Amino acid sequence: MWLLDTLTFELIWVADPEQEHYAILSHVWHPEGELTFQEVREMYPQSGDTTPHSRASRRSIRDRWTTRTTAAHAEHKLQKLRAFCALAHSNGHTRAWMDTCCIDKTRPAELADALNSMHAWYAAAAICYVLLPDVSASEDPRLPFSAFRRSVWFTRSWTLQELLAPPTVVFLSYRWEVLGTKASLADLLQDITDIPTGVLLHETPLDIISVARRLSWVAPRRATLVEDEAYALMGLFGVHIPVLYGEGTQAFLRLQHAILAHTGDQSIFAWGGILEWENITHAYWERPSQSAAAASHERPSPTLFADRPVHFSRCSGIVSAGSFSRLAERTGIAASGSDGALQPTMTLTNHGMHTQLPMLCFRVYDRRDRISRVYYLGLLACEDHEGRVLSLVMTREPRTAEHDAREFSVDQLWQFRTLYRDWQVRVVALPDSVIATDVAPIGVSDSDTKTQD
């Protein structure tokens, strides 16, 4: 890890960041770029540098560098470095870290290591300064439509872990004036981010928050590169994946595989539109028309995993990851390894996933084709905030050479329309009254159930 000397701007390599006392910066990158590792090493003296640069020659290097960009942007880049180091030094911190110039991004191995370690670096920092580029100290942050509430900082993927990981966070205006701390603004931050104050203040362990709910926190956030929407979440779930820029949404798929292997939390499947069971009987279901399909280019094929975090935007109400023993108790199916019992093992394959789920069969009347379609609900070991079990909409694969009768595909019900909503549903919330009377161990008695990815 490279750290800045807050007095000389020298870059110093440290092997064990946990043994260091340093300040860290969280900010939003300027659209035209920021000060780089190479530029800092070129402009400011470095220990071990045998090149005979005098102060005048160093100043000449800075002057030549400023001619390569606009004067205003060059001053912005230098000012951010100087202001951050000056603030850290004035508060007794001799070392500091910022992601713009403390990572040699020309070395892929160092960049990958930094992205995998960044959550730990923020967590180990003595203090984290958050620079809000669009917020003034003259306005009360708690006002209903304050600039603080609307700051771009709350819309970026990387800043989620920069809010959660450090124990001490200080928010600053664009003039580096103190606006408040994470502790003093905890209730306001909860209102903005939907993250409980207990989680923000490290009073509630992240592990007891369901995977789906944690992913809902990042759903409204974006990154410049689509891969960073996944890489920015590694620390939030305690997993590590290879950094492969250029893979697109495949990065988020690999992240979900790693999360599932690490946590076994089935709420990761409960993304997308969620419908209460009681609304199925009187809802209006229809197959999308050809013109509607053409207008939306193509109806996406239902999948087990989401391709972007935005699909978890409706998952903030999944407050409990539940347990397999609780699910087994509620369904009346034993949770053991014997025949006819619920086994929570989940194995990913090239074809999909092998697991066992309690199943419920129901029919939906298609008004257009005037037929009843058979669907299944695969019950997951997770609940919504009212204690209802969440279940995946599934269809049974026909018995063919490739599929046997025990295979199911994740599906979604055709377009659901009410007066206020228009969506496609892939998750149904089930009350205990339905589970007690209608659930059947289809996925158990038929041995393994396979869901397509």
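This report walks through a sheet and some aromatic pairs in a predicted model.

Local features here need pLDDT of at least 70 and side-chain atom pairs pLDDT 80 or more, while totals for chains, interfaces and linings use all residues. Residues are numbered from 1 along each chain as its sequence is written, and side-chain values use heavy atoms, without hydrogens and water.

Let's start with the sheet. Seven strands form an open sheet with mixed pairing, in the order β2-β1-β4-β3-β5-β6-β7. Strands are DSSP runs (E, at least two residues) and helices likewise (H or I, at least four), numbered from the N terminus; two strands pair if DSSP finds at least two bridges between them. Because β2 (11–13) and β7 (178–181) each have a single partner strand, they stand at the edges, with one side left without a neighbour in the sheet. Strands β6 (residues 169–172) and β7 run antiparallel, joined by three bridges, and V170 stands opposite T181 in β7.

Now for the rings: the whole structure holds 12 aromatic pairs. Rings of Phe, Tyr and Trp (its six-membered ring) pair if their centres lie within 6.5 Å; planes under 30 degrees apart count as stacked, over 60 as edge-to-face and the rest as tilted. Here are two of them.

| Pair | Centres | Planes | Type |
|---|---|---|---|
| W97 and W121 | 5.5 Å | 65 degrees | edge-to-face |
| F252 and F312 | 6.4 Å | 85 degrees | edge-to-face |

W97 lies in strand β4 and W121 in helix α4, so their pair ties together parts 24 residues apart in sequence. W97 is buried (under 20% relative accessible area; exposed is over 50%, partly exposed in between, with a 1.4 Å probe and protein chains only), at 0%. W121 is buried too, at 9%, and F252 and F312 are both buried.
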